[in-house]
Amino acid sequence: MPTVFAAAVLALVCGLVFGIGLIVAGMHNPEKVRGFLDLFGHWQPALIAVMGSAIPVFALLYFSSKRCRRPWFAERFHYPTLAGVSGRLVTGATLFGVGWGLVGLCPGPALVDMFSLNGNVWIFLVALLLGNRIAHYFFGPAATPAAKP
């Protein structure tokens, strides 16, 4: 049982660090995100620094995890099992990108921003959940190959 508690505490700490990072970087601000996507208008390149710092950190930790037999608080790592590009992936990515460009929010920053009590963020979150359930109803979950031990 202490392992479950420690895993929950670690997940909470990671979520807090991620959320604070989103706030510090300004990713929770839809105007800043839309400004980053507005290449031919009032382009705001500051978010390049977010990607430029996040990708090396992720890569370092990802490749370090490959050397570990198992994670600290789980029996195995859960690496992505889907490979290749499908029409379903391209359609989903396109819809996500269009929605992100129109609203300037994606799920992570919206979850961070829900504590601001901004009504537009709550509308976004409700629409996100509804869209998820509608897509799940019509298309089902993505097929995953059997997990490797």
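Trainee: Which helix does Ser-65 lie in?

Mentor: Ser-65 is part of helix H3, residues 47–65. Helices here are DSSP runs of H or I with at least four residues, strands are runs of E with at least two, and numbering starts at the N terminus. This is a predicted model, where local features need pLDDT of at least 70 and side-chain atom pairs count only at pLDDT 80 or more, while totals for chains, interfaces and linings use all residues. Residues are numbered from 1 along each chain as its sequence is written, and side-chain values use heavy atoms, with hydrogens and water left out.

Trainee: Is Ser-65 buried or exposed?

Mentor: Buried, because its relative accessible area is 13%. The cut-offs are under 20% for buried, over 50% for exposed and partly exposed in between, with a 1.4 Å probe and protein chains only.

Trainee: What is Ser-65 in contact with, leaving aside neighbours within four places in sequence?

Mentor: Phe-77 and Tyr-79. Contact means heavy atoms within 4.5 Å.

Trainee: Changing topic to H2. Which of its residues are buried?

Mentor: Helix H2 covers residues 30–37, and its buried residues are Val-33, Gly-35 and Phe-36. They sit on the same side of H2, because they cover an arc of only 160 degrees around the axis. That arc is taken from the directions from the helix axis to the C-beta atoms.

Trainee: And what covers them?

Mentor: The cover includes H3 and helix H4, residues 87–103.

Trainee: What happens at the start of H2?

Mentor: There, a side-chain oxygen of Asn-29 comes within 3.0 Å of the backbone nitrogen of Glu-31.

Trainee: Now Gly-131. Where does that one lie?

Mentor: Gly-131 is in helix H6, residues 119–139. Gly-131 counts as partly exposed because its relative accessibility is 37%.

Trainee: How far apart are Gly-131 and Phe-40?

Mentor: In sequence, 91 residues; in space, 30 Å from C-alpha to C-alpha.

Trainee: Stepping back, how many helices and strands are in the chain?

Mentor: Six helices and zero strands. The C-alpha atoms fill a box of roughly 50 × 35 × 30 Å along the principal axes.

Trainee: What share of the chain is buried?

Mentor: Buried residues make up 15% of the 149 residues. Among contacts with a separation of 6 or more, 46% come from residues 24 or more positions apart.

Technical notes. A polar contact is a pair of N or O atoms within 3.5 Å; within protein, one must be able to donate a hydrogen and the other to accept it, and residues adjacent in sequence count only if both atoms are side-chain atoms.
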